Amino acid sequence: MNRRMLAATGIALALTTSTLAIVFLPAEAAPAPAITAVVPAKADNFVLTDQTGFGHELYRYKESPAIVIVSQANGDAVSRKAAKTVKFLKATFPSAQFFMLNSNPADTRAAIAAEAKAQGIDTPILMDSLQIIGESLGVTQTGEAFLIDPVSWKIVYHGAVDASLAGKTSEPYFLTNALLDQLSHRPLSTSYTPAKGSVINFPARGAAKTYTAISYAKTIAPILESKCVDCHQQGGIGPFAMSSYDVVKGYSPMIRETLRTDRMPPWHADDDIGVFQHNKSLSKD
């Protein structure tokens, strides 16, 4: 693959591709004032490992009738309550796919695994220590649920898991009712409820306006061409081919850390990025 092929996959990052813009910013970016997050209409593809080191690519769960992601942080009371509800919902809706998402940089994989064991959490907790996925989803607090329709990838419900984790409302079973509607192919009666969790800070949100000046063709593609594409092409030794913008964006957490540290994975298999290329889930057709 050459620069022309890469450039053809996308032009401007702007608002729709801010995730990739974050990929190449230094990890030590200065904290910014609190920014109001916007939940996107659709969920972008991504690849993250869980607390066991197993990799998950969102779009590979397209056969599930529903995908639920709930934000989490270690030692957080709201997260622990939400995890218990998620465990119940997993048993109630076995055809749906459930994840928890940890976007707290202070929580290591070992610590999250210990938290999961101590709390009896059997749901995969996705490691988002670079905060790229939480930021792109519009996460602001713990116990925040996102229900995704895998046909359209639309976020059809966003908010509290249930009434015990919400503000004043008369509807006690928010996520349960949303799942019942989704799995019954009915329009959702409620698409949003206010949540009351612990705040999760995303310092890079304050720099969002600067990302609009970054061009995929002029900024990102040349970096990938010089550092990555020799191996990451069809038939190459890389575990996936950088054949399109969508592929690159899905692997943005791994690519960002590779470029920042100048080391290829698995460079710290006990941490959040871990063993992407060794997971069978990432090699399926």
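**Entry 1: strands and the model**

Two strands pair if DSSP finds at least two bridges between them, and the strands themselves (E, at least two residues), like the helices (H or I, at least four), are DSSP runs numbered from the N terminus. I note at the start that this is a predicted model, in which local features need pLDDT of at least 70 and side-chain atom pairs count only at pLDDT 80 or more, while totals for chains, interfaces and linings use all residues. Residues are numbered from 1 along each chain as its sequence is written, and side-chain values use heavy atoms, with hydrogens and water left out.

I looked up the overall make-up and found ten helices and seven strands in the chain. Of its 285 residues, 51% count as buried, where buried means under 20% relative accessible area, exposed over 50% and partly exposed in between, with a 1.4 Å probe and protein chains only. I also looked up contacts, meaning heavy atoms within 4.5 Å: of those in the chain with a separation of 6 or more, 74% join residues 24 or more positions apart.

I followed β6 (144-149) and β7 (154-160), which pair in the antiparallel sense over six bridges. Across this pairing, D149 stands opposite K154 in β7. The hairpin has four residues between its strands, and W153 takes a positive phi near 65° there, although W153 is not a glycine. Six of the seven residues of β7 are buried, so I describe this strand as largely enclosed by the rest of the structure.

I then checked Q131, another residue other than glycine with a positive phi, here near 70°. Q131 is found in the loop between β5 and α5 (132-137), and with a relative accessibility of 7% it counts as buried.

**Entry 2: aromatic rings**

How many aromatic pairs does a search of the whole structure find? The search gives two, where rings of Phe, Tyr and Trp (its six-membered ring) pair if their centres lie within 6.5 Å, with planes under 30 degrees apart counted as stacked, over 60 as edge-to-face and the rest as tilted. Y59 and W153 form a stacked pair, 4.2 Å from centre to centre and with 20° between the planes. This pair links distant parts of the chain, 94 residues apart, since Y59 lies in the loop between β2 (55-57) and β3 (67-72) and W153 in the loop between β6 and β7. Y59 is partly exposed at 29% relative accessible area, whereas W153, at 11%, counts as buried.

**Entry 3: the nonpolar cores**

I looked up the nonpolar cores, each a set of buried Ala, Val, Leu, Ile, Met, Phe, Trp, Tyr and Cys residues joined through side-chain atoms within 4.5 Å. Which residues have the most contacts inside the largest core? They are V70, F98, L147, L175 and L179, in a core of 30 residues. At least two of its residues come from each of β3, α3 (77-92), β4, α4 (109-119), β5 (125-127), β6, β7 and α6 (174-183), and α3 gives the most, with five. Residues up to four places away in sequence aside, L179 touches A66, V68, L89, F93, A96, F98 and L147. A second, separate core has 21 residues, including A43, L48, L58 and I132.

I went back to α3 and found V78, S79, A82, A83, T85, V86 and L89 buried in this helix. β3, β4 and α6 are among the elements that cover the buried residues of α3.

**Entry 4: V38**

Is V38 buried or exposed? V38 is exposed, with a relative accessible area of 67%, and lies in the loop between α2 (18-23) and β1 (47-49). Neighbours within four places in sequence left aside, V38 is in contact with L137 and G138. I also noted that V38 and T140 are 102 residues apart in sequence and 9.4 Å apart in space, C-alpha to C-alpha.
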